[in-house]
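Good morning, colleagues, and thank you for coming.

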Amino acid sequence: MTKTKAGLPMNGKKALVVVDMQNDFIDGALGTKEAQAMLPRLTEKLRRVTQTSPEVDVFFTMDTHGEDYLSTQEGKNLPVVHCVKGTPGHELAPALREYAAKAKAIVEKGAFGSPKLAELLADYDEAELMGLCTDICVIANAMLLKSFCPEMKIAVDAGCSAGVTPESHQNALAAMKMCQIQII
């Protein structure tokens with residue numbers, strides 16, 4: 001095991017994080033044509049990584065809300081009921097379910113960023129994120145990881161992510177780049 005300049009161990013562990021690829025964000029309550037167009041690229045990347053790089057651990061996050069969503073702060077600011085646990089909109093896209101079944105972990109999260117994800121990845125050297133939405137949950141988790149694990153190499157695959165709008169997608173990518181998150 002080698003050490004970084006900060007004296008932290010480097011173990012070569014790599015994670016691929018698929019953020020919130022759920023029906024409601026693809027073609028449901030908050031779906032977009034960009035999310036629909038991106039899904040085949042993300043699916044192909046997962047296929048390729050899982051077949052050729054078995055040392056890479058795959059993680060999924062799932063936006064998860066309850067029936068009280070509209071009474072939460074998020075619900076008051078985004079009054080569109082989505083990803084309610086137990087509904088079809090909460091489920092992962094059908095094309096991704098076989099990969100989720102083999103994932104290291106599936107993390108249900110009630111907020112944009114997931115402290116539990118950061119804890120699970122604390123001993124990883126690299127994490128690559130992709131998914132939905134670039135400008136909300138992808139950026140929130142990338143920034144949380146950067147804060148929680150400042151020596152971790154973090155990347156976001158721009159072609160396997162989509163934002164609420166194409167403009168907000170580009171703005172989020174630019175913001176992450178400024179925070180030393182690699183955009184690929």
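This is a predicted model: local features need pLDDT of at least 70, side-chain atom pairs count only at pLDDT 80 or more; totals for chains, interfaces and linings use all residues.

Six strands form an open sheet in the order 5-4-3-6-7-8, and their pairing is parallel. Its edges are strand 5, residues 105-109, and strand 8, residues 182-183, each of which pairs on one side only. Within the sheet, strand 3 pairs with strand 4, residues 56-63, in the parallel sense over six bridges. Ala15 stands opposite Asp57 of strand 4.

I turn now to the helices that meet these strands. Helix 2, which covers residues 33-52, lies across strand 3, strand 4, strand 6 and strand 7, and it runs at about 130° to strand 7. Helix 6, residues 134-148, also packs on the sheet, where it touches strand 3, strand 5, strand 6 and strand 7. The direction of helix 6 makes about 165° with that of strand 6.

Next, the second largest pocket. How much space lies in it? The figure is about 220 Å³. Its lining consists of 13 residues, and those nearest its centre are Lys14, Ala15, Glu126, Ala127 and Glu128. Sorted by class, the lining has seven nonpolar, two polar and four charged residues.

I come to the salt bridges. Eight are found in a search of the whole structure. In one of them Lys13 is paired with Asp123, and the closest N and O atoms are 3.1 Å apart. Why does this pair tie together parts that are 110 residues apart in sequence? It does so because Lys13 lies in the loop between strand 2 (9-10) and strand 3, whereas Asp123 lies in the loop between helix 5 (115-120) and strand 6.

Finally, the backbone. Cys133 is found in the loop between strand 6 and helix 6. Cys83, although not a glycine, has a positive phi of about 50°. Cys83 belongs to the loop between helix 3 (73-77) and helix 4 (97-101).

Thank you for your attention.

Methods. Residues are numbered from 1 along each chain as its sequence is written. Side-chain values use heavy atoms; hydrogens and water are left out. On a 1 Å grid over the protein atoms alone, a cavity is a set of points where a 1.4 Å probe fits but cannot get out, and a pocket is an open set with protein on both sides within 12 Å along at least five of seven lines; lining residues have an atom within 4 Å of a point. Grid points are joined across faces, edges and corners, and a volume is the space filled by probe spheres set on the points. Ala, Val, Leu, Ile, Met, Phe, Trp, Tyr, Cys and Pro count as nonpolar, Asp, Glu, Lys and Arg as charged, and the others, Gly among them, as polar. Two strands pair if DSSP finds at least two bridges between them. Helices (H or I, at least four residues) and strands (E, at least two) are DSSP runs, numbered from the N terminus. Contact means heavy atoms within 4.5 Å. Axes are lines fitted to C-alpha atoms, for helices over the stretch in contact, and angles run from 0 to 180 degrees between N-to-C directions. A salt bridge is a side-chain nitrogen of Lys or Arg within 4 Å of a carboxyl oxygen of Asp or Glu.
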